[in-house]
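Please read the points below with the sequence and the model open side by side. They are meant for someone who has not seen this structure before.

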Amino acid sequence: MKRYRFALEPVLRVRRIQEDVARAGFVAASHGLAGAEVLLEGSLARYATMPQQPGPRPAATWLADRGGLDRTAASVLAAGTAREVAQLRVEEERGALQAARMRVTGLERLEGRHREEHAVAVRRDEDAEADEQFSARYGRTR
């Protein structure tokens with residue numbers, strides 16, 4: 001009997017490559033999310049340490065301080081938005097990875113069934129050959 005060969009092996013190979021690409025995308029998105037979180041934490045820490053001096057001050061000083069606070073608050077908002085975008089990308093990449101895994105798993109299950117069917121056919125052929133050899137020997141000894 002022929003050696004086992006899965007007819008969809010090239011497709012399975014491509015699906016595994018697609019899974020690897022999806023995994024790399026997920027890892028990159030996760031690193032991007034970690035970077036965005038660090039950026040957000042830094043912006044929040046910088047905002048928390050900004051001096052807020054109560055009381056009367058010259059207008060120029062108040063405007064300078066207020067401008068600094070506004071810029072820092074804007075950086076916090078931008079960092080928060082970047083974190084949300086990174087989180088959405090992670091979720092998208094996770095979904096793509098799960099879909100790729102499902103495609104690979106489906107083909108692997110199919111390949112396993114085909115391999116089992118091939119093994120049964122091989123055993124059946126071996127049994128038939130053994131029966132034939134036994135019958136031939138039995139016929140010669142009689």
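1. Basis. This is a predicted model, in which local features need pLDDT of at least 70 and side-chain atom pairs count only at pLDDT 80 or more, while totals for chains, interfaces and linings use all residues. Residues are numbered from 1 along each chain as its sequence is written, and side-chain values use heavy atoms, with hydrogens and water left out.

2. Nonpolar core. Which residues form the largest nonpolar core? Its nine members are Ala-22, Phe-26, Ala-29, Leu-33, Ala-36, Ala-86, Val-90, Leu-97 and Ala-100. Helices α1 and α2 are the elements that give two or more residues to this core, and α1 supplies the largest share, five residues. A nonpolar core is a set of buried Ala, Val, Leu, Ile, Met, Phe, Trp, Tyr and Cys residues joined through side-chain atoms within 4.5 Å. Helices (H or I, at least four residues) are DSSP runs, numbered from the N terminus. In soluble globular proteins, nonpolar side chains tend to be buried together.

3. Glu-19 and Arg-23 form a salt bridge through their side chains, at 3.2 Å from N to O. The two are four residues apart in helix α1 (residues 9-48), so about one helical turn separates them. Glu-19 is buried, at 12% relative accessibility, whereas Arg-23 is partly exposed, at 32%. Buried means under 20% relative accessible area, exposed over 50%, and partly exposed in between (1.4 Å probe, protein chains only).

4. Salt bridge between helices. Arg-83 and Glu-37 also meet in a salt bridge, again given as 3.2 Å, N to O. This pair links distant parts of the chain, with Arg-83 in helix α2 and Glu-37 in helix α1, 46 residues apart. Arg-83 is partly exposed at 22% relative accessible area, and Glu-37 is partly exposed at 28%.

5. Asp-70 and Arg-66 meet in a salt bridge of 3.4 Å, N to O. Both lie in helix α2, four residues apart, about one turn of the helix. Asp-70 is partly exposed, at 40%, and Arg-66 is partly exposed, at 38%. Elsewhere, salt bridges that share partners join Glu-19, Asp-20, Arg-23 and Arg-101 into one network.

6. Count. How many salt bridges are there? The count comes to nine, where a salt bridge is a side-chain nitrogen of Lys or Arg within 4 Å of a carboxyl oxygen of Asp or Glu.

7. Charged patch. Asp-125, Glu-126, Asp-127, Glu-129, Asp-131 and Glu-132 gather in a patch of negative charge on the surface. Of these, Glu-126 lies in helix α2 (residues 59-141). Patch residues have over 30% relative accessible area and no salt bridge, and like charges are joined within 9 Å. Accessible areas come from the Shrake-Rupley method with a 1.4 Å probe.

8. Two distances. Gly-95 is in helix α2 and is partly exposed, at 32%. Gly-95 and Arg-123 are 28 residues apart in sequence and 42 Å apart in space, C-alpha to C-alpha. Arg-5 sits in the segment before α1 and is exposed, at 62% relative accessibility. Arg-5 and His-118 are 113 residues apart in sequence and 9.2 Å apart in space, C-alpha to C-alpha.

Conventions:
Patches are made of residues with over 30% relative accessible area and no salt bridge: like charges are joined within 9 Å, nonpolar side chains (Val, Leu, Ile, Met, Phe, Trp, Tyr) within 5 Å. Lys and Arg count as positive and Asp and Glu as negative; His and the chain ends are not counted. The place of a charge is taken as NZ of Lys, CZ of Arg, CG of Asp or CD of Glu.
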